[in-house]
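Let's take a look at a protein together, starting with the whole chain and then zooming in on one pair of neighbours. Have the picture handy as you read.

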Amino acid sequence: MSVVTELPWGVLVVIVFVLGATIGSFLNVVIYRLPRGESLVHPASRCPACGSAIPAWANIPIVSYLALRGKCVACKAKISLRYPLVEAATALLFTALFLGWGFESRLLVDWALGAALIAVIFIDAEHQIIPNAITLPGIPIGLACAWWFPVPPGIADALLGLVIAGGIMWAVAASYEWWTGRVGLGMGDVKLVAMLASFLGLQAVLGVLVVGSFLGLGQALVLMLFRGAGRFTRIPFGPALAAAGILHLFDPDFLPRLLGQL
Ligand SMILES: [Zn+2]
């Protein structure tokens, strides 16, 4: 660590940004392949349109998209804007958390959770699923971090959050489905809250639920007004919850402060 911290500040920030963009590039693979049941490691990156392998020089995060003006090298098909967007968002997230916390042990935890949440946002928005491959390992990883690192939430708070917040979400989902015969809240959302609780603890995850509900409500209103979504259109709740989780990483006291001002 001391070798790292002796580097000039500006160099560190650039290294962190590049690291974030690289992780973002991997998240693009996760976001595309996980919901399609494809392997994350094989084959190497291919153009979704023509299937030709993407050479390493055309696979540099953010830079290649700009240099190629968003087109495939081989077939000139348009590359989704999602690719540079995810890379830039992850790079900014990593940099901002680094600037906020410095090289603290919580930085690695926040980076890991933030990266998982970015993947959840894009996968749930497109496919209306939150892969178990993210949330189920996320629960024990979150608990292990709470156990291991000398920063909040601590293992007791994390376990309480997991049982209480996870339990509330499960009860809401199960009783809505029993009452109406329809799925309102998916089990994917329940597992996402369980993962958030394991990483953040009880009080924090309740705050994330409140903020996430408002974000979800806002998103539903926008979709109803401008996209003609009806009462029973499935609107994914995962992106709003995950965004609220990311907001919490930046500003853990967001909700208490907001409530204090009312
Ligand atoms: Zn192509």
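## The overall layout

Reading along the sequence, you'll find the pattern α-α-α-α-α-α-α-α-α-α-α. In other words, the protein chain has 11 helices and zero strands. Keep in mind that this is a predicted model.

## Size and packing

Now for the inside: 35% of the 262 residues count as buried. And if you take the contacts in the protein chain with a separation of 6 or more, 69% of them come from residues 24 or more positions apart.

## Zooming in: H4 and H5

Which way do these two helices run relative to each other? Helix H4 covers residues 82-101 and helix H5 covers residues 105-127; their axes come within 10 Å and cross at roughly 155°. Angles over 145 degrees count as roughly antiparallel, so that is what H4 is to H5. The crossing of the two is right-handed.

On the H4 side, the contact is made by Arg-82, Val-86, Ala-89, Thr-90, Leu-93, Phe-94, Leu-97, Phe-98 and Trp-101. H5 brings Arg-106, Leu-107, Asp-110, Trp-111, Gly-114, Ala-115, Ile-118 and Phe-122. Sort the residues of this contact by type and you get 12 nonpolar, two polar and three charged.

Key:
Residues are numbered from 1 along each chain as its sequence is written. This is a predicted model: local features need pLDDT of at least 70, side-chain atom pairs count only at pLDDT 80 or more; totals for chains, interfaces and linings use all residues. Axes are lines fitted to C-alpha atoms, for helices over the stretch in contact, and angles run from 0 to 180 degrees between N-to-C directions. Helices (H or I, at least four residues) and strands (E, at least two) are DSSP runs, numbered from the N terminus. Angles under 35 degrees count as roughly parallel, over 145 as roughly antiparallel, 65 to 115 as roughly perpendicular and the rest as oblique. A crossing is left-handed if the near helix is turned anticlockwise from the far one by less than a right angle, and right-handed if clockwise. Two residues are in contact if their C-beta atoms, placed from the backbone, lie within 7 Å. Ala, Val, Leu, Ile, Met, Phe, Trp, Tyr, Cys and Pro count as nonpolar, Asp, Glu, Lys and Arg as charged, and the others, Gly among them, as polar. A residue is buried if 20 or more other C-beta atoms lie within 10 Å of its own, exposed if 12 or fewer, and partly exposed in between; C-beta atoms are placed from the backbone.
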